Amino acid sequence: MISIRQRKGIQTTEVSADYTAQEENAKLEDKLPSSCTSRRLWKILSFTVGGTVALCIGLLTSVYLATLHENDLWFSNIKEVEREISFRTECGLYYSYYKQMLQAPTLMQGFRGLIYDNKTESMRTINLLQRMNIYQEVFLSILYRVLPIQKYIEPVYFYIYTLFGLQAIYVTALYVTSWLLSGTWLSGLLAAFWYVTNRIDTTRVEFTIPLRENWALPFFAIQIAAITYFLRPNLQPLSQRLTLLAIFISTFLFSLTWQFNQFMMLMQALVLFILDSLDMLPAMKVTWLYGIQLTGLLLVCLLQFFNSMILGSLLISFNLSVLIARKLQKNLKTGNFLNRLGKLVLHLFVVLCLTLFLNNIIKKILNLKSDEHIFKFLKAKFGFGATRDFDANLYLCEEAFGLLPFNTFERLSDTLLFYAYIFVLSITVIAALAVAFRNLSDSTNQQSMCKMGKYTIGLKPETAYNLIHTILFGFLALSTMRMKYLWTSHMCVFASFGLCSPEIWELLLKLIHLYNPKRICIMRYSIPILILLYLCYKFWPGMMDELSELREFYDPDTVELMNWINANTPGKAVFAGSMQLLAGVKLCTGRTLTNHPHYEDNSLRERTKAVYQIYAKRAPEEVHALLRSFGTDYVILEDSICYERRHHRGCRLRDLLDVANGHMMDGPGENDPDLKLAGHPRFCEEIKKNLPTYTAYFTRVFQNKTFHVYKLSRNK
């Protein structure tokens with residue numbers, strides 16, 4: 001098992017606010033630079049200072065995370081095999097392709113090795129560029145080979161520093177989004193501070209460096225910043241075209257680097273659909289964004305050799321359905337309130353039915369089953385019937401796919417982020433409901449519907465977009481903990497924007513009858529500054545202590561296993577075992593695998609379930625036959641799985657296998673009435689007794705405190 005120890009030694013209709021009040025605000029803020037030239041110089045100075053702060057805070061965050069990674073593992077001092085083992089589970093699998101490309105005699109041979117790969121899955125040749133999102137590893141390996149940097153930086157450092165560099169871009173994009181929304185770079189600074197002080201809940205890059213989301217989320221943040229700017233009214237044609245280009249490039253790169261891109265962009269498409277239906281975004285701009293999503297995803301599909309999972313995605317079906325439904329219902333945004341509401345319900349029904357119809361047709365044509373495990377998981381997770389499906393239960397029993405723990409909100413509250421977020425969210429939701437109600441009402445009632453007392457309620461299109469975005473991704477994070485990083489980072493943006501936004505403070509002060517332009521300026525600058533001072537006072541000492549704490553990577557059992565494999569097994573040997581361990585076997589030894597952690601393939605899921613029978617109650621001859629059907633030469637058994645205690649009864653891997661096989665689970669507790677006693681003992685326990693029925697098929701060739709390696713007999 002991997003452990004860490006202490007080191008030894010060493011606009012459609014943009015809703016306007018109260019125009020008079022806005023003019024007063026503008027006059028107050030422009031009071032210092034009196035002339036037009038002075039105001040222009042003031043803006044240039046503010047932009048220069050804000051941009052410099054953005055770059056500095058991004059770079060400092062990158063250095064901070066890289067230092068934490070070094071201090072936690074002593075990465076610069078450990079052996080190469082230990083560095084590779086530190087890339088856990090699927091991270092190791094992805095990094096292995098970067099290593100493979102660098103070790104290839106030529107780039108063309110490297111490409112060919114990825115397109116015709118027969119080492120990732122034994123007895124099968126697969127196209128890795130089609131199956132997995134590894135173009136980033138290909139691009140980095142080409143850069144490393146082409147640039148004259150081999151003498152100055154090791155390949156592994158070139159790789160990890162690129163990822164930490166992307167974190168600088170990520171934080172800068174969050175900073176810019178908050179700045180665009182609020183109009184002051186102070187909110188961007190607050191967003192960045194919140195991102196860093198809530199690091200446990202905003203990123204996990206320092207210990208899962210090659211994970212796909214660490215490549216993708218910086219581009220997603222850039223896309224959100226570009227969309228925020230694009231939704232501003234009265235953009236110049238050149239600015240609009242350049243912004244659309246930025247949205248397209250960031251959407252394309254986000255889609256190219258993460259296999260779950262389609263589900264994140266589906267959430268984004270739902271945001272656009274909701275706001276467009278409520279007439280809160282310009283219809284033409286929404287159409288452009290739908291088109292960019294489709295174009296970017298189809299281009300990725302082309303680069304991934306027509307990956308069927310992309311073609312069968314709900315996003316493509318949904319976007320096509322929305323565009324078709326809008327053509328069919330041309331008078332959707334006319335009539336009185338009840339008329340509009342009825343049309344809206346019908347529109348929703350048409351889009352839903354059309355989406356399901358198109359998606360089913362596409363999947364039947366393509367015979368697509370790659371993503372069915374996700375829908376089985378969602379069906380069981382949200383209570384639409386219990387399941388004994390092994391793949392669905394494998395996800396359900398993982399903490400990362402469970403509900404967001406309550407202690408997350410305690411940590412977010414310690415930095416005042418959660419309180420600020422709820423405060424801003426409450427005000428913007430009230431404004432959004434008022435605007436939505438006004439937009440759904442007929443024109444004769446608009447004047448009264450958009451007023452509260454004598455004050456006008458307004459919500460800018462870019463604010464409305466970010467509001468619905470944070471709500472939908474909030475629901476996603478609450479339901480699935482692994483997705484919290486999409487929400488918490490945007491939470492920093494949204495909370496900081498609200499505290500620095502003149503519109504938010506104007507609406508609040510009007511609601512409590514304390515409105516005054518001077519108060520708005522005082523509130524929007526003083527409160528963020530006070531929070532920044534509080535964050536520095538409370539968290540700076542802890543961050544310094546964290547940076548001074550030195551640890552060391554320590555996993556001698558896995559290191560011993562990898563060294564033994566390299567020294568004592570043929571280069572073409574085939575290994576079976578757990579998905580997580582085999583990813584490390586491929587990276588550290590280059591041996592052929594039976595299965596691996598990239599789970600988005602139906603045949604691989606079936607193969608994994610078959611291999612995992614080594615932890616079920618099966619006869620030795622049955623296990624031998626299953627493993628030999630995949631060409632297995634060696635099988636690795638792990639005590640941490642065979643005698644697992646991490647999960648409760650019913651969620652241990654052996655329990656999932658027993659239930660899927662129709663067998664009763666071990667230990668005290670209830671079993672479903674139709675489950676039966678197994679006819680054989682548990683394989684991983686019984687094989688260690690060296691009984692003749694087992695030694696006829698399996699010979700132990702290596703063992704330590706954690707792992708047991710058995711060589712398979714080639715005779716039946």
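Student: Is Cys 684 buried or exposed?
Tutor: This is a predicted model: local features need pLDDT of at least 70, side-chain atom pairs count only at pLDDT 80 or more, and totals for chains, interfaces and linings use all residues. Residues are numbered from 1 along each chain as its sequence is written, and side-chain values use heavy atoms, with hydrogens and water left out. Buried means under 20% relative accessible area, exposed over 50%, partly exposed in between (1.4 Å probe, protein chains only). Cys 684 has a relative accessible area of 1%, so Cys 684 is buried.

Student: Which cysteine forms a disulfide with Cys 684?
Tutor: A disulfide is a pair of cysteine sulfur atoms within 2.5 Å. Here the sulfur atoms are 2.0 Å apart. The partner of Cys 684 is Cys 642.

Student: What is the handedness of the link of Cys 397 and Cys 651?
Tutor: These two cysteines form a disulfide, with sulfur atoms 2.1 Å apart. The angle about the S-S bond is -75°. The link of Cys 397 and Cys 651 is left-handed.

Student: How many disulfides are there, and what is the pairing?
Tutor: The count is two disulfides. With the bonded cysteines numbered in sequence order, the pairing is 1-3, 2-4.

Student: Which cysteine sulfur is nearest to that of Cys 492?
Tutor: Cys 492 is in no disulfide. The nearest cysteine sulfur is 13 Å away. That sulfur belongs to Cys 500.
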